[in-house]
Amino acid sequence: NNYPNVKVIIMCGIAGGMPDPTDAKKHVRLGDIVVSKSVIQSDYGKSEESGFKIKSIETKCGKGLKNAMDAVTTDEFAHVYKWHGLLDSYANGMFAKPDEASDILYDENHNIISHPKDSSRDKYPKVHFGCIASANNVVKNFQKREELRKYDAMAFEMEGSGIADASWSNNIGFILIRGVCDYGDFDKKDEWQNYAAMAAAAYMYNLIEYMPAFVLK
């Protein structure tokens with residue numbers, strides 16, 4: 001209301017990730033980046049005999065931002081990854097990447113399960129585009145996390161839905177860029193938070209370079 005010339009809102013930070021050990025292409029790992037194509041409010045709904053049913057309507061990021069995201073992806077098809085250089089420059093010290101041995105995935109019985117083999121992975125985070133679930137409570141429960149799978153959520157966090165609703169109602173483009181720092185289960189901890197935040201920031205910087213052409217014109 002106070003800044004009527006705002007054209008786009010970006011929320012950049014950390015989130016829990018939705019791993020899928022049955023599908024390497026969809027498998028989200030610690031340090032990966034999830035970029036929102038849509039956002040749902042995962043604690044808005046009703047309790048039914050079959051369980052909790054989300055009633056939130058997906059809000060989408062807007063055409064201009066989608067075009068900017070597509071431009072970054074087009075660069076990557078040509079093996080141009082500008083944000084990789086940023087990550088190389090700044091992911092050190094307190095923002096250094098943790099040992100990958102600490103990226104441990106558990107099943108519902110707290111048994112360690114293997115990450116799927118993915119030939120497309122290298123030393124850099126993988127970028128996923130999809131739905132991000134947002135709520136007013138922290139997810140630290142395997143079953144709660146798995147409930148979000150039926151909504152095709154790839155990450156879950158706590159700030160995005162309010163911004164998404166306000167942006168959408170005011171016809172302002174918005175996007176969430178989240179670095180994955182945990183799996184929202186009993187083993188949730190802070191070890192990957194700094195690196196995940198830096199990875200998300202590096203991708204955001206790259207995206208902003210394309211915004212004058214697609215969003216701010």
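Mentor: A cavity is a set of grid points where a 1.4 Å probe fits but cannot get out. The model before us is predicted, and in it the largest cavity has a volume of about 90 Å³.

Trainee: How many cavities of 30 Å³ or more does this rule give?

Mentor: The count comes to 2.

Trainee: What makes a residue part of the lining of the largest cavity, and which residues are they?

Mentor: A lining residue has an atom within 4 Å of a point. For the largest cavity, those that meet this condition are L30, S102, I104, Y106, C181, D182, Y183, D185, D187, K188, K189 and W192. By class, 6 of them are nonpolar, 1 is polar and 5 are charged.

Trainee: Why are K189 and D187 called a salt bridge?

Mentor: The cut-off is 4 Å between a side-chain nitrogen of Lys or Arg and a carboxyl oxygen of Asp or Glu. The closest N and O atoms of K189 and D187 are 3.8 Å apart, so the pair qualifies under that limit.

Trainee: Is K189 buried, exposed or partly exposed, and how do you know?

Mentor: Buried means under 20% relative accessible area and exposed over 50%. K189 has 36% relative accessibility, and therefore counts as partly exposed.

Trainee: What makes R121 and D32 a salt bridge, and where do they lie in the chain?

Mentor: Their closest N and O atoms are 2.6 Å apart, which is within the 4 Å limit. The pair links distant parts of the chain, 89 residues apart: R121 is in the loop between β7 and β8, and D32 in the loop between β1 and β2. Both residues also belong to a network of salt bridges with D118 and K126.

Trainee: How do you know that the span of α5 agrees with its number of residues?

Mentor: At 1.5 Å a residue, the 16 residues of α5 should span 22 Å, and the end C-alpha atoms are 22 Å apart, so the two values agree. Among the buried residues of α5 are Y195, M198, A202 and L207.

Trainee: Which element gives the most to the lining of the largest pocket?

Mentor: That element is α1, with 5 residues. The pocket holds about 500 Å³ of space. Its lining comprises 18 residues, of which E76, Y81, K126, V127 and F129 lie nearest the centre.

How values were computed:
Residues are numbered from 1 along each chain as its sequence is written. This is a predicted model: local features need pLDDT of at least 70, side-chain atom pairs count only at pLDDT 80 or more; totals for chains, interfaces and linings use all residues. Side-chain values use heavy atoms; hydrogens and water are left out. Helices (H or I, at least four residues) and strands (E, at least two) are DSSP runs, numbered from the N terminus. The expected span of a helix is 1.5 Å times one less than its number of residues. Buried means under 20% relative accessible area, exposed over 50%, partly exposed in between (1.4 Å probe, protein chains only). On a 1 Å grid over the protein atoms alone, a cavity is a set of points where a 1.4 Å probe fits but cannot get out, and a pocket is an open set with protein on both sides within 12 Å along at least five of seven lines; lining residues have an atom within 4 Å of a point. Grid points are joined across faces, edges and corners, and a volume is the space filled by probe spheres set on the points. Ala, Val, Leu, Ile, Met, Phe, Trp, Tyr, Cys and Pro count as nonpolar, Asp, Glu, Lys and Arg as charged, and the others, Gly among them, as polar.
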